[in-house]
Amino acid sequence: MKWRTDPDAEAVLKELGIPFTVRNVKASDINVKASVSNRARPVALHREVAAEYASAMKAGDVFPMPVTAVVAGMKKMAMAGGNHRYEAHVGINKHSSFDAY
């Protein structure tokens, strides 16, 4: 999988004063339930969109890195941005890792 930096996400993180780094994250280190219950949109995950992303990823398209967050009291990280990209990625290779903020 190919990932690129996301200037828009970086700008928001900087504006909010949230420090960030790029790191390689194991797919198994993500709390999926917490990630899709973040209430950012009415339907947290559209499987059709994730399937389209997976096809594009397989074809070599480059996607912006997802944003992860460490949440107090949780052993795993949550997706703060990029649920569809994460779902597409693990749909291709469940036991992999990916670059993320």
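This is a predicted model: local features need pLDDT of at least 70, side-chain atom pairs count only at pLDDT 80 or more; totals for chains, interfaces and linings use all residues.
1. Contact, as the word is used in this note, means heavy atoms within 4.5 Å. With that in mind, Met65 touches Trp3, Arg4, Thr5, Asp6, Val22, Arg85, Asp99, Ala100 and Tyr101, where residues up to four places away in sequence are not counted. Met65 lies in the loop between strand S3 (63-64) and strand S4 (67-69), and with a relative accessible area of 4% Met65 is buried; here buried means under 20% relative accessible area, exposed means over 50%, and partly exposed is in between (1.4 Å probe, protein chains only). Met65 and Glu15 are 50 residues apart in sequence, and their C-alpha atoms are 18 Å apart in space.

2. Residues are numbered from 1 along each chain as its sequence is written, and side-chain values use heavy atoms, with hydrogens and water left out.

3. The chain has four helices and six strands, and from the N terminus on these elements run β-α-β-α-α-β-β-β-α-β. Helices (H or I, at least four residues) and strands (E, at least two) are DSSP runs, numbered from the N terminus.

4. On overall shape, the C-alpha atoms fill a box of roughly 35 × 25 × 25 Å along the principal axes. The radius of gyration of the chain is 13 Å, which agrees with the value near 13 Å for a compact globule with 101 residues; this radius is taken over C-alpha atoms, and the globule rule is 2.2 Å times the number of residues to the power 0.38. Of the 101 residues, 36% count as buried, and among the contacts with a separation of 6 or more, 77% are between residues 24 or more positions apart.

5. The largest nonpolar core has 20 residues, and those with the most contacts inside it are Trp3, Val25, Ile30, Tyr86 and Phe98. The elements that give two or more residues to this core are H1, H3, H4 and strand S6 (97-100). A nonpolar core is a set of buried Ala, Val, Leu, Ile, Met, Phe, Trp, Tyr and Cys residues joined through side-chain atoms within 4.5 Å. Leaving aside neighbours within four places in sequence, Ile30 is in contact with residues including Val25, Tyr86 and Phe98.

6. A search of the whole structure finds one salt bridge, a term for a side-chain nitrogen of Lys or Arg within 4 Å of a carboxyl oxygen of Asp or Glu. Arg47 forms this bridge with Glu87, and their closest N and O atoms are 2.9 Å apart. Arg47 lies in helix H3 (residues 47-58) and Glu87 in helix H4 (residues 83-92), so the pair ties together parts that are 40 residues apart in sequence. Arg47 counts as exposed at 53% relative accessibility, whereas Glu87 is partly exposed, with 23%.

7. Val36 lies in helix H2 (residues 32-36) and is partly exposed, with a relative accessible area of 30%. Not counting residues up to four places away in sequence, Val36 touches Ala44, Leu45 and Asn83. Val36 and Val12 are 24 residues apart in sequence and 20 Å apart in space, C-alpha to C-alpha.
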